[in-house]
Amino acid sequence: MGVWELLLVGVVVLLGLCGVLVPGVPGSLLVWAAVLWWALDDPRPVSWFVLVGATVTLFLSQVVRWALPPRRLRESGATPRMAVYAGAGAFLGFLVLPVVGAIPGFMGGIYLSERLRLGRHGEARAALRTAMRSGGWSVLAELFACLLIAGAWLGAQLWG
C-alpha cells in the first residue's frame with residue numbers, strides 16, 4: 001500500500017472519529033470501512049487481525065449502546081460546541097493516557113464546555129451529569145471503540 005493510500009485511509013478514519021460526534025453520521029462504519037479497505041489492499045496477517053478485532057470491537061460497542069438509554073442529547077441542551085470539546089478531550093486523553101484516558105478526557109471536555117458556558121462549577125457539574133444521562137454514555141462507548149480501532153490501525157502501521 002502506497003503512502004497516498006495510507007494517508008487516505010487515515011483521513012477516512014479521522015472523518016469516522018469526527019462522525020461519531022455528529023448525529024446521523026455513521027462514524028463507526030466509516031472507521032470500520034477504512035480498516036477493511038486497508039486490510040484488503042495490504043493482506044498481511046496483522047491487517048487481518050486488526051480487521052477482525054475492529055469487527056468484534058464495533059459489535060460489542062453496539063451491544064453496549066443498545067443496553068444504554070437512547071440518545072436524547074438535544075433535549076438535554078447539548079450543543080455542537082459541547083461535542084467538539086468532548087471529542088477533543090477524548091482524543092487528547094487517549095494520547096496522554098493511552099486507552100483509558102479517553103473516558104476522563106471526554107467527560108472533562110463536556111465539563112469544560114459547560115463551565116465556559118455557565119460559569120459556575122456546580123452548574124457545570126449538573127450539566128455534565130445531565131448530558132451523560134441523556135446519551136453521553138452511548139456516544140462515549142462508540143467513540144471509545146473507534147479510538148481503540150484507530151489506535152490498533154496506527155500501531156499496526158508503525159510497528160507491524
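**Exercise 1. Find which residues lie nearest the centre of the second largest pocket, and how many line it.**

Step 1: the lining holds 17 residues, and Phe91, Phe94, Ala150, Gly151 and Leu154 sit nearest the centre. A pocket here is an open set of points on a 1 Å grid where a 1.4 Å probe fits, with protein on both sides within 12 Å along at least five of seven lines; lining residues have an atom within 4 Å of a point.

Before going on: this is a predicted model, where local features need pLDDT of at least 70 and side-chain atom pairs pLDDT 80 or more, while totals for chains, interfaces and linings use all residues. Numbering runs from 1 along each chain, and side-chain values use heavy atoms, without hydrogens or water.

Step 2: H7 gives the largest share of the lining, 10 residues. Helices are DSSP runs of H or I, at least four residues, numbered from the N terminus.

**Exercise 2. Work out how H3 and H7 run relative to each other.**

Step 1: the axes of H3 (residues 45-67) and H7 (residues 121-159) come within 9 Å and cross at roughly 175 degrees. Axes are lines fitted to C-alpha atoms over the stretch in contact, with angles from 0 to 180 degrees between N-to-C directions.

Step 2: H3 and H7 are therefore roughly antiparallel, a label for angles over 145 degrees.

**Exercise 3. Decide whether valine 9 is buried or exposed.**

Step 1: look in helix H1 for valine 9.

Step 2: its relative accessibility is 0%, so valine 9 counts as buried (under 20% relative accessible area, 1.4 Å probe, protein chains only; exposed is over 50%).

Notes
Helix = DSSP H or I, 4+ residues; strand = E, 2+ residues; numbered from the N terminus. Parallel < 35°, antiparallel > 145°, perpendicular 65-115°, else oblique.
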